[in-house]
Amino acid sequence: MPPAATDWATAQPAPPVGGPQWGPAVPPYPAFPAPKRRRRGLWITAIVLAGVLLLCGGGGIAGYLVLRDVETGEGAAEPVAAVESFLDAVYVKQNATAAAALVCGDARDVGALQDKVDEIQRYARTYPNPRYKWDPPKVEQQDAEKALVSTRLTVLTADDRSTAEQLRFTVVHTTGWWVCDVG
């Protein structure tokens, strides 16, 4: 009889001689540890939270540094007194630091005041013995927070030259009256 055709797809190995053997023929492999679960969401949340805290804290500190010492002192009791003190600091004393102490925090620019003082000092080197005087400042408009004050500034020199300029001041009230704008 011819040998039977073998169906390799359904063929099963023959049982070993002496019956089935149970148990491994080779020692078992060591078990691998379970993979660690990554907590990316937790890390991302922690980083975002740290960034927000840093920005808020930095913004708060920056705000404090910008807004502190905005108006130190008490300011002048009246708008006219604020203008008088400012004119005296700039034109008579020629002291930019003293003038800056009379200016509101929003307009306080010691560099610009120093430029004006330097201009006045150059004028003094150009013309003999310049003297500065001004008419008594007058309040044009005033409410509880703001006043417009005007005066006429005159420069006289030893060689009988003179010039005059009309100045208009915006003075604001916070912890007293402060010069905020000169025009």
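1. In sorting lining residues by class, Ala, Val, Leu, Ile, Met, Phe, Trp, Tyr, Cys and Pro count as nonpolar, Asp, Glu, Lys and Arg as charged, and the others as polar. On that basis the lining of the second largest pocket divides into seven nonpolar, two polar and three charged residues. The model under review is a predicted one.

2. The second largest pocket holds about 190 Å³ of space. Its lining consists of Tyr91, Lys116, Glu119, Ile120, Tyr123, Tyr132, Leu153, Thr154, Val155, Thr163, Ala164 and Glu165. At least two lining residues come from each of helix 4, strand 3 and strand 4. Helix 4 makes the largest contribution to this lining, with four residues.

3. For the largest pocket the space is about 320 Å³. Two or more residues of its lining are supplied by each of helix 2, helix 4, strand 4 and strand 5. There are 18 lining residues, and those nearest the centre of the pocket are Phe86, Leu113, Lys116, Asp181 and Val182.

4. The largest nonpolar core comprises 26 residues, and the most contacts inside it are made by Phe86, Leu87, Tyr91, Leu113, Phe169 and Val171. Elements giving two or more residues to this core are helix 2 (79-92), helix 3 (96-100), helix 4 (110-126), strand 1 (131-134), strand 3 (146-156), strand 4 (162-173) and strand 5 (177-182). Helix 2 provides the largest share, seven residues.

5. Val171 deserves a separate entry. With neighbours within four places in sequence left aside, valine 171 is in contact with Pro79, Ala82, Val83, Glu145, Lys146, Ala147, Val149, Trp177, Trp178, Val179 and Cys180.

6. How many disulfides does the structure hold? There is one, formed by cysteine 104 and cysteine 180, with the sulfur atoms 1.8 Å apart. The torsion about the S-S bond is about 85 degrees, so this disulfide is right-handed. Cysteine 104 sits in the loop between helix 3 and helix 4, whereas cysteine 180 belongs to strand 5, so the bond ties together parts that are 76 residues apart in sequence.

Conventions: Residues are numbered from 1 along each chain as its sequence is written. This is a predicted model: local features need pLDDT of at least 70, side-chain atom pairs count only at pLDDT 80 or more; totals for chains, interfaces and linings use all residues. Side-chain values use heavy atoms; hydrogens and water are left out. A nonpolar core is a set of buried Ala, Val, Leu, Ile, Met, Phe, Trp, Tyr and Cys residues joined through side-chain atoms within 4.5 Å. Buried means under 20% relative accessible area, exposed over 50%, partly exposed in between (1.4 Å probe, protein chains only). Contact means heavy atoms within 4.5 Å. A disulfide is a pair of cysteine sulfur atoms within 2.5 Å. On a 1 Å grid over the protein atoms alone, a cavity is a set of points where a 1.4 Å probe fits but cannot get out, and a pocket is an open set with protein on both sides within 12 Å along at least five of seven lines; lining residues have an atom within 4 Å of a point. Grid points are joined across faces, edges and corners, and a volume is the space filled by probe spheres set on the points.
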